[in-house]
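Subject: Structure handover

Hi,

Here is the structure for you to look over. My notes follow below it.

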Amino acid sequence: MAEIEVQCQRIDNGWLCAVTVADERSTSSHTVAVSDEDLERFESGAEEPTDLVRRSFGFLLAREPKEAILHSFDLPVIGRYFPEFEREIMRDIGRNIGKG
């Protein structure tokens, strides 16, 4: 099972997140940009995107190895490769909000 570490930093109109994915074999590094609009759309009311980005990488890792994930991208790009991304991530977030 891969370990996903996310650190987000505020930038103009959004966030820049450094993501490290590590497993027993190797580590990969990624940079993900999340606009304020995207954060509001995916996780309304969230103050920062750390959880959203971590869940998004969980989604990606269920479908491809970490080495196949782009090194730098804007969060909505995931939907270009996986059309079900938005629906799945919104359902996952909603399910976990209900637990809180």
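Surface first: the protein chain exposes about 6100 Å². Carbon and sulfur atoms supply 48% of that area. Please keep in mind that this is a predicted model.

Charge next. The protein chain carries 12 positive and 20 negative side chains. The centres of the two sets lie 6 Å apart.

Overall fold. The protein chain has 4 helices and 4 strands. Read from the N terminus, the order is β-β-β-α-α-β-α-α. The radius of gyration is 13 Å, close to the 13 Å that the globule rule gives for 100 residues, so the chain is as compact as a globular protein of that length. Along the principal axes, the C-alpha atoms fill a box of roughly 35 × 30 × 25 Å. Of the 100 residues, 35% are buried. Take the contacts between residues at least 6 apart in sequence: 46% of them join residues at least 24 apart.

Helix H2. This helix covers residues 50-61, which is 12 residues. From first C-alpha to last it reaches 17 Å, close to the 16 Å expected at 1.5 Å a residue. Which residues of H2 are buried? They are Thr50, Leu52, Val53, Ser56, Phe57, Phe59 and Leu60. As background for reading that list, an α-helix has 3.6 residues a turn, so residues three or four places apart point the same way.

Asn13. This residue sits in the loop between strand E1 (3-11) and strand E2 (14-22). Its phi is positive, about 60 degrees, although Asn13 is not a glycine. For context, most residues other than glycine have a negative phi. Is Asn13 buried or exposed? Asn13 counts as exposed, at 62% relative accessibility.

Thr27. This one belongs to strand E3 (residues 27-35). Thr27 has a relative accessible area of 52%; the cut-off for exposed is over 50%, so Thr27 is exposed. Thr27 still has partners. Leaving out residues up to four places away in sequence, Thr27 touches Thr20, Val21, Ala22 and Lys66.

Best wishes

Definitions and conventions. Residues are numbered from 1 along each chain as its sequence is written. This is a predicted model: local features need pLDDT of at least 70, side-chain atom pairs count only at pLDDT 80 or more; totals for chains, interfaces and linings use all residues. Side-chain values use heavy atoms; hydrogens and water are left out. Helices (H or I, at least four residues) and strands (E, at least two) are DSSP runs, numbered from the N terminus. The expected span of a helix is 1.5 Å times one less than its number of residues. Buried means under 20% relative accessible area, exposed over 50%, partly exposed in between (1.4 Å probe, protein chains only). The radius of gyration is taken over C-alpha atoms; the globule rule is 2.2 Å times the number of residues to the power 0.38. Contact means heavy atoms within 4.5 Å. Accessible areas come from the Shrake-Rupley method with a 1.4 Å probe; for residues, only the protein chains shown count as cover. Lys and Arg count as positive and Asp and Glu as negative; His and the chain ends are not counted. The place of a charge is taken as NZ of Lys, CZ of Arg, CG of Asp or CD of Glu.
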